[in-house]
Amino acid sequence: MVQSDTRGHGTLGLVLHIKELCGRNWMVNFSHVNRKGNYVADRMARLAVLDDFDARTFDAPPPSVNSLVLLEMGDSP
């Protein structure tokens, strides 16, 4: 959706914002990572869909993501 004119449901505002950021004077590259390759990003994306897409800053992972962070670090949850 970011690299084409495709419009998704419920995410148009986010896609337009990403396109605006990509249009600035810097180089942007996209690459696909399967959700199994990054559980934390997948869970955070799912949380965003349930939220209002406002920018958020975290000092620590949300509780529902914490065990996945430990798993990706190689520690047991």
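The side chains of Glu-20 and Arg-24 meet in a salt bridge, with 3.2 Å from N to O. The term covers a side-chain nitrogen of Lys or Arg within 4 Å of a carboxyl oxygen of Asp or Glu. Side chains of opposite charge can pair when their charged atoms come close. A search of the whole structure finds one salt bridge.

This is a predicted model, in which local features need pLDDT of at least 70, side-chain atom pairs count only at pLDDT 80 or more, and totals for chains, interfaces and linings use all residues. Residues are numbered from 1 along each chain as its sequence is written, and side-chain values use heavy atoms, with hydrogens and water left out.

The chain holds three helices and zero strands. Its pattern along the sequence is α-α-α. Helices (H or I, at least four residues) and strands (E, at least two) are DSSP runs, numbered from the N terminus.

Confidence is given as pLDDT, the predictor's confidence in each residue, from 0 to 100. The chain has a mean pLDDT of 76, and 71% of its residues reach 70 or more.

Buried residues make up 8% of the 77 residues in the chain. Buried means under 20% relative accessible area, exposed over 50%, and partly exposed in between (1.4 Å probe, protein chains only).

| Residue | Relative accessibility | Class |
|---|---|---|
| Glu-20 | 39% | partly exposed |
| Arg-24 | 42% | partly exposed |
| Phe-30 | 43% | partly exposed |

Phe-30 sits in the loop between helix H1 (12-22) and helix H2 (39-50). With Trp-26 and Val-28, Phe-30 makes a nonpolar surface patch of about 300 Å². Patch residues have over 30% relative accessible area and no salt bridge; like charges are joined within 9 Å, nonpolar side chains (Val, Leu, Ile, Met, Phe, Trp, Tyr) within 5 Å.

The chain exposes about 6500 Å², and carbon and sulfur atoms supply 55% of it. Accessible areas come from the Shrake-Rupley method with a 1.4 Å probe; for residues, only the protein chains shown count as cover.
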